Amino acid sequence: MDTAQIDPGTNFVWPSEDVSQVPFRVYTDQDLYDREQRVLFQGPTWNFLCLDCEIPEPGDYKMTYIGDAPIVVVRDENGDINAMVNRCAHKGSLVCYKPRGNIKEFACIYHNWTYDLRGKLTGVAFGRGVRGQGGLTEEFKHEEHGLERIRIENVRGFIMGTFSDETPPFASYIGAELMASIDRVFIKPLKILGYHSQIFPNNWKLYVENNKDSYHASLLHVFHNTFGVVRPTMTGGIKLSESGWHHLSYTQREEIGDDNIAKEKVRSKQNGYRLEDTRMMEHVLELGDKVTNSIQTVFPTMVLQQILNALAVRQLIPKGVNESELIWTILGFEEDDSDMDELRMQVNNLVGPAGFISMEDGCVGGFIQTAAKANVDAQTILPMGGRKIEPSQGSRVTESAVRGFWKGWRECMGV
Amino acid sequence: MTTKTDFDRDLSLRLRIDALLANYIHCIDEDRLEEWHNYFTDDGRYKVVTRENYDLGLPVALIYCDGRGMFKDRISALRNANIYEPHVYCHMVSALKILDSSGPNIKTQSNFTVTRTMSEGNMMTFLCGKTIDTVTEIDGDLKFKERTVILDSRRIDTLLVIPA
């Protein structure tokens, strides 16, 4: 028997010594995609599921995904959060098919098998048969047929899930330094301001790389330069976890006025374009520092964003080799007043599927996906900042964090 | 009961709003986007939201313009800064309903679809949903005081740059 059929993707050999070159095949190969599902998404990785504040009451649930696997997250009668694979133990139908809601128990619509909010099988319709005929036999053990439970951690209100017992606790997974940068931004109870969904015509990894690629920011997103948003007075850098898997890219302003609201005068340097209305660039320094942009990735597919006062968590869901979906959950703080709500509305013009400084991320991956087909055995190169995977102080002109991603990918995939 | 006089007044208003909608969508579909802001009052508000957020009472928009400056900024960014594969829209608008015409601000709703055709000629149904508009008369012309585009199609394919 062909072993490649049993264990797809194992024939793949990483073609170079290090991770400063990446073969195009990784974006186009179905076997590698299938292997990713099994050993990466269902391997030793933490995946964002939802926010604690989205399911505040007992019985509240939300549907989500880890890779291709449908997951349901629910708060039980004790107030504890549980996550299960959203698949009936019987015929495998979704037990939950509405995106969110409140329930007393899970009841599969197909044959009405019921589960409690911890995933335990509580009822099998006609389990005793009808008039002594049919039904379950004695060998059937209810306790062996619950919903498959997912290990979770509640990280500052972000519910993270992992299939694997091997995954280290979240704080050691990303390391103390990157844990501190989550704590820097998410300092108060959160509230949801809305959701966006964006379909990328490209393999999921191209969007992950894009987030870790601080080199492209002012080059692709011309809005920054055209309207003078990125200024020489700003400094920044890259932080990397020890593993290289996770990163933080940040910029900060060095000078601010006396008040805690820095109203930037946005003027173009070269071509005379300027914003007529600069409200969306106003920045209330609510986090106690001068950081203007903070993009943090958690391997494999979570992004935590602070752009001025635009806070969000982004969850990337692979949708086959050639497509992926990005779910943006737009956040504010529970204590925000109506002025702050309005300011967050304004600044959110910068981000999302129609965002002035983010929309290009929607198309650039598709451009690579199309061009990859020219020759999938050729390689992209990641030369900026050398070959190492190391933090960068002062400069963001580096592909260090992208190389770190590929280190993580290879380690998970065993290639 | 609607009298004939009521009906005539209503018909006349409907035709005027219908003309506003037609002029508006042709302005966008013909890429005369620099004129887009003229369809709004100086303090006009424009939002593109998803039905999901709208139904959940969540405020954030995909595009939010508040006042003429922001309308102009959207278009100057689209022309001078944002990068995307060239494409055009074709709007289909139907089922205009007047929700309230008792005061100077007339509230209406209508359904729409937008097809998007890319530079290579491939077309998709890109957006669909309804608009809820507040229309008012300024110097004899009807303008949008508020226009909320509510998308049933909440998954945005690739990116949204041209307003709907």
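In what order do the elements of chain B run from the N terminus on? Select chain B and trace α-β-α-β-α-β-β-β-β-β. That gives three helices and seven strands, where helices (H or I, at least four residues) and strands (E, at least two) are DSSP runs numbered from the N terminus.

Quick housekeeping: this is a predicted model, where local features need pLDDT of at least 70 and side-chain atom pairs count only at pLDDT 80 or more, while totals for chains, interfaces and linings use all residues. Residues are numbered from 1 along each chain as its sequence is written, and chains are lettered from A and ligands numbered from 1 in the order in which they are written.

Stay on chain B and zoom out. Its C-alpha atoms fill a box of roughly 55 × 35 × 30 Å along the principal axes. Buried residues account for 32% of the chain (buried: 20 or more other C-beta atoms within 10 Å of a residue's own; exposed: 12 or fewer; partly exposed in between; C-beta atoms placed from the backbone).

Now pick B:His26, in helix 1 (residues 4-29) of chain B. Buried or exposed? B:His26 counts as exposed, because it has 11 C-beta neighbours inside 10 Å.

Next, show both chains. Their contact takes 35 residues from chain A and 31 residues from chain B (in contact: C-beta atoms, placed from the backbone, within 7 Å). On the chain A side, color strand 12 (190-200), one of the elements supplying at least two residues. Strand 12 of chain A gives the most, with nine residues.

Last stop: helix 5 (residues 204-212) and helix 9 (residues 360-372) of chain A. Their axes come within 9 Å and cross at roughly 125° (axes are lines fitted to C-alpha atoms, for helices over the stretch in contact, with angles from 0 to 180 degrees between N-to-C directions). For the contact itself, show A:Leu206, A:Tyr207 and A:Asn210 of helix 5, facing residues of helix 9 that include A:Val364 and A:Ile368.

How values were computed. Two residues are in contact if their C-beta atoms, placed from the backbone, lie within 7 Å.
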